[in-house]
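Trainee: I've got a model open on my screen and I'd like to talk it through. Can you walk me around it?

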Amino acid sequence: MTSTDTRTILTINPATGEPLQHYPVLTNTEIEQVLAQTHATGLTWRRVGAEERARLLGTVADALETRRHELAALVTAEMGKPLAEAAAEVDKCVRQCRQYAEDGASYLQPESIAVPAQSCQIVYEPLGVILAVMPWNFPLWQVFRFAIPALLAGNTVLLKHAPNVTGSALAIEAVIEASDLPIGVLRTLVIDESEVPAMVDRLISDSRVAAVTLTGSTRAGAYVAAAAGRALKKSVLELGGSDPFVVLADADIATAAAHAAKSRFMCTGQTCIAAKRIVVHKDVADQFQTKFVEAVEALVVGDPTDPATTVGPLARPDILDQVAKQVEESVAQGAAVLTGGRRLDRAGNFYAPTVITDATDDMPVLAEETFGPVATLIRVDDDDQAVAVANSSEYGLAASVWSQNVDHAVTVGSRIESGVLFINSLVMSDPRVPFGGIKRSGYGRELGAAGVREFTNLRTVWVARTDG
């Protein structure tokens, strides 16, 4: 959110409502200087060999580790996730950098194709400056998830982060500067909120920007995709989700319930890959509901800096208002609250962990993405109905299916429309495997070999025979 001074951004502690820090907004001249630097740096960085680029990513891991406690505290202060979750986010970024430092160069090796020529190779060349519009819920990981593969591929990064985590955005730039990567491979743009749409449009249309990626809402994704389309530039979108967590009749109910609670209420439910729709076979629904509600009621809501806290505040007051409205309207239409369902009477943006049942598709808790600590239980008669319910959403990011018979779970899961499918596990991202969605959850992939190659020019080099 912005302060009354339109040339600064003010960050707010969501647990207390107290101001944290004012950050000066960049002028148009300063934005031009940042863009010019990332472009100029890229012309040199792209000529560094893939093996050396990968090696240098290991020094980013070192810089992160040095600042682990400082970064975790900053994330917690700016967006409210419990300190242990914030530290785990730093650690995940460290692991990612080390993984790409070790294996990343292999993703960019030329591939030979057997054709009637002297040789034919597919090579992966960097595109240039990539504009990244990033969200606040994982202030570090969301950026690193895109940026490290992009840098490995030889690109440079222009980061437009969410305003409420401006301190984290600048800290990421500082981490990169503290590593052995060239100065200017990643720069942060601090832009007044009112100017963001026009500035993003302007940057995408600039000839020095080669492509754009966004993680955020479907609405924001549509805007960025349209701008990229007008400029005929590559875009990758990781958008919203309403992920199904499907519990089949032969699942291990205790394990599934525990993982469902962890998946849904991590980051106070503010994650696109959370288990938002819990789809349970009627034969085990009562047993699952009891264990799930027990797990939810055992969560500890409170000060995110307290080690005992497992659920912190929502990141902004408007998000709290939206979640409360979705629950209230759904209850008014006939949904039942099994636990929670209310704001908490304390300072900060706190909402009680909530479980809803008896919801129908036209109610907000199912018709919309719920980005907060609210889970909806849906009972189904059989596997076919479970698949139908899972596919009824306009989103298609990820799905999780639970059964003690793995073949059974895979058979059901293969019929669910999603970019990612996890069997007997909550959904998570891993640097070694591609991640992304379908339908209104976006397109393109991050992480793994696919994520490294996503922002490259896949170029065919054909050398004709010269022997007549």
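Trainee: Let's start with one residue. Leaving out residues up to four places away in sequence, which residues does D383 touch?

Mentor: Bear in mind that this is a predicted model. D383 sits in helix α13, residues 383-390, and counts as partly exposed because its relative accessibility is 22%. V412 is 29 residues from D383 in sequence, yet their C-alpha atoms are 6.9 Å apart. With residues up to four places away left out, D383 touches L248, H408 and V412.

Trainee: And S242, is that one buried or exposed?

Mentor: S242 is in the loop between β9 and β10 (243-247). Setting aside its neighbours within four places in sequence, S242 is in contact with K276, R277, S393 and Y395. Its relative accessible area is 5%, and the cut-off is under 20%, so S242 is buried.

Trainee: Moving inside, which residues have the most contacts within the largest nonpolar core?

Mentor: That core has 96 residues. Helix α5 (residues 141-152) gives the most to it, with nine residues. Apart from it lies another core of 28 residues, including A257, F265, F288 and V311. Back in the largest core, the residues with the most contacts are L64, F144 and L181.

Trainee: Take L64, then. What does it touch, not counting residues up to four places away in sequence?

Mentor: L64 belongs to the α2 side of the contact between α2 and α5, and F144 is on the α5 side. Not counting residues up to four places away in sequence, L64 touches L71, V90, C93, V94, C97, F144 and V175.

Trainee: How do the axes of α2 and α5 cross, and at roughly what angle?

Mentor: Two packed helices are described by the angle and the distance between their axes. Here, the axes of α2 (residues 50-66) and α5 come within 9 Å. By class, their contact has nine nonpolar, no polar and one charged residues. The crossing angle is roughly 145°.

Trainee: I noticed cysteines in there. How many disulfides does the structure hold?

Mentor: A disulfide is a covalent bond between the sulfur atoms of two cysteines. C97 has its closest cysteine sulfur in C93, 6.9 Å away, so that pair is too far for a bond. The sulfur of C267 is 9.9 Å from its closest cysteine sulfur, in C272, again too far for a bond. The number of disulfides is zero.

Note on methods: Residues numbered from 1 in each chain as written. Predicted model: local features only at pLDDT ≥ 70, side-chain atom pairs only at ≥ 80, totals over all residues. Heavy atoms only, no water. Core = buried A, V, L, I, M, F, W, Y, C linked by side-chain atoms within 4.5 Å. Buried < 20%, exposed > 50% of the residue type's maximum accessible area, 1.4 Å probe, protein only. Helix = DSSP H or I, 4+ residues; strand = E, 2+ residues; numbered from the N terminus. Contact = heavy atoms within 4.5 Å. Axes fitted to C-alpha atoms, helices over the stretch in contact; angles between N-to-C directions. Nonpolar A, V, L, I, M, F, W, Y, C, P; charged D, E, K, R; others polar. Disulfide = S-S within 2.5 Å.
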